[in-house]
Amino acid sequence: MNTQQIIKWLKEQDSHKLDQLWQQADRSRYEHVGNQVHLRGLIEISNHCSRQCQYCGIQAGNRSLQRYRMTMDEILTCALQAQELGYGTVVLQAGEDFGLTTEWITKLIYKIKTKTALAITLSLGERNDSELRKWQQAGADRYLLRFETSDSELFHRIHPGHANKISDRFAILETLNQLGYETGSGVMIGIPGQTYDSLANDLLQFQKINLDMIGVGPFIPHPASPLGKQHANLNEKNNPDPNQVPNTELMTYKVVALTRLLCPQTNIPSTTALASLNQNNGRELGLQRGANVVMPNLTPLQYRKLYEIYPAKACLQEKPDDFHKHLINRITELGRTIGLGRGDSPHFKAKKKDNVTRFTLRRKTPTPKIMQRQVRRD
Ligand code: SAH
């Protein structure tokens, strides 16, 4: 698919044609990642943040927000609960909080790995190469860092630099890939200033940068964030700027479906932001239009309401046990099964196999003379 074809789909309004897109995406999902829906237990471990992201409700400038950082024991309790509920993975997410030190996170990873068989996904913002390496060596399996938009002018406008350092999320994603993390990224849909051209380019970037997991969700204005103060929700048909991508539920399904077609072997979540726009069946429609992952929220309720990156998050009142039963029913009703085990994406498995092969080939290069002599003596 090229840019023009992608833009055509993004602007498509004919429901019959869109039905074809949903069907193609669903077929591709079935062929490449199967019928299982993988569940990831999300733990929002801290809402402290040192950044000023213009879109986000927990950015540093929001002075009225009560801040929290979970203790190691609280996080471990949630991880054990994830294991009991049968999840294969926990996702540890936070604002960009340097109070979560390299050593503390390393210790947390060791503890979770000692007490559970869970895969660990980190989503802690832009951290440096050396800590990413340490965490990977300690046992972290995956890392999520959305590039938010591939339009660098727009990105820097909504995501100001930090301590005189310009953010380069693409460089960090490359490092994560090289370190051997299963690497996830994604974008928000309908950011004020986001054009169809730039969204089409985002989709092509997913392919180009070799991602294993891709999460996309609508931009939801938060009244306590600078962007949220300026912008109300946009409407797909009645749009004052024809180049502006609307932040609608329909546009999100289109991007989920196109992501599946462009990157068929990746894991794609049906996101909470999507479920927040349509609490009735947004999550299910996402799963039927390309997605194969859901991230139930395991954050203790007293903290969950403080991790308000956008308002009216679908999960605010969901108690883990009740929500789990509800989710299992809904997934089964769709004719899908619950994923067992870690649920690595086929894309990652193929990449790993490829690396192992290359590694083995390298090991098969002629044995140095000194070693040959030793071998003969033995
Ligand atoms: N500090 C981490 C985690 C941020 S929250 C990081 O920066 O990576 C995870 C994601 O929530 C963000 O990457 C962003 O895409 C999304 N998000 C933040 N504010 C949002 C909003 N107002 N509407 C929709 N999604 C939002």
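## Around E284

Leaving aside neighbours within four places in sequence, E284 is in contact (heavy atoms within 4.5 Å) with R330 and L334. This residue sits in helix α12, residues 282–288; helices here are DSSP runs of H or I with at least four residues, strands are E runs of at least two, and both are numbered from the N terminus. E284 counts as buried because its relative accessibility is 10%. For the cut-offs, buried means under 20% relative accessible area, exposed over 50%, and partly exposed in between, with a 1.4 Å probe and protein chains only.

A quick word on the model itself. It is a predicted one, where local features need pLDDT of at least 70 and side-chain atom pairs count only at pLDDT 80 or more, while totals for chains, interfaces and linings use all residues. Residues are numbered from 1 along each chain as its sequence is written, and side-chain values use heavy atoms, with hydrogens and water left out.

## Helix α2

Helix α2 takes in residues 15–33, 19 residues in total, and reaches 26 Å from its first C-alpha to its last. That is close to the 27 Å expected at 1.5 Å a residue, where the expected span is 1.5 Å times one less than the number of residues.

The buried residues of this helix are L18, L21, W22, A25, S28, R29 and V33. Look down the axis of α2 and they fall within an arc of 130 degrees, so they line one face of the helix; the arc is that of the directions from the helix axis to the C-beta atoms. The face turned away from that buried side carries the exposed residues H16, Y30 and E31. As background, an α-helix has 3.6 residues a turn, so residues three or four places apart point the same way.

## Helix α3 and what it packs against

Helix α3 (residues 72–84) has 13 residues, and its reach from first C-alpha to last is 18 Å, close to the expected 18 Å. Its buried set is M72, I75, L76, C78, A79 and A82. Seen down the axis of α3, these buried residues fall within an arc of 160 degrees, so they line one face of the helix. D73, T77 and E84 are exposed on the other side.

What do the buried residues of α3 pack against? Their partners are β1 (36–46), β2 (89–94) and α4 (102–115). After α3 comes G86, whose phi is positive, near 90 degrees.

The structure holds two cavities of 30 Å³ or more. A cavity here is a set of points, on a 1 Å grid over the protein atoms alone, where a 1.4 Å probe fits but cannot get out; lining residues have an atom within 4 Å of a point.

The lining of the second largest cavity is H38, L39, R40, G86, Y87, G88, I338, G339 and G341. The largest share, three residues, comes from β1. By class, this lining has three nonpolar, five polar and one charged residues. In that scheme, Ala, Val, Leu, Ile, Met, Phe, Trp, Tyr, Cys and Pro are nonpolar, Asp, Glu, Lys and Arg are charged, and the others, Gly among them, are polar.

## Two loop residues with positive phi

Most residues other than glycine have a negative phi. E148 is not a glycine, yet has a positive phi of about 70 degrees. E148 is found in the loop between β4 (142–144) and α6 (152–158), and at 8% relative accessibility it counts as buried.

N210 is also not a glycine, and its phi is positive at about 65 degrees. N210 is in the loop between α8 and β6 (213–218), and counts as partly exposed at 35% relative accessibility.

Q207 belongs to helix α8, residues 196–208, and is partly exposed at 41% relative accessibility. Not counting residues up to four places away in sequence, Q207 touches L262 and C263. The C-alpha atoms of Q207 and L262 are separated by 6.6 Å, though the two are 55 residues apart along the chain.

T252 lies in helix α10 (residues 249–262). Is T252 buried or exposed? T252 is buried, with a relative accessible area of 0%. Beyond residues up to four places away in sequence, T252 touches I189, V216, G217, P218 and L274.

Notes: On a 1 Å grid over the protein atoms alone, a cavity is a set of points where a 1.4 Å probe fits but cannot get out, and a pocket is an open set with protein on both sides within 12 Å along at least five of seven lines; lining residues have an atom within 4 Å of a point. Grid points are joined across faces, edges and corners, and a volume is the space filled by probe spheres set on the points.
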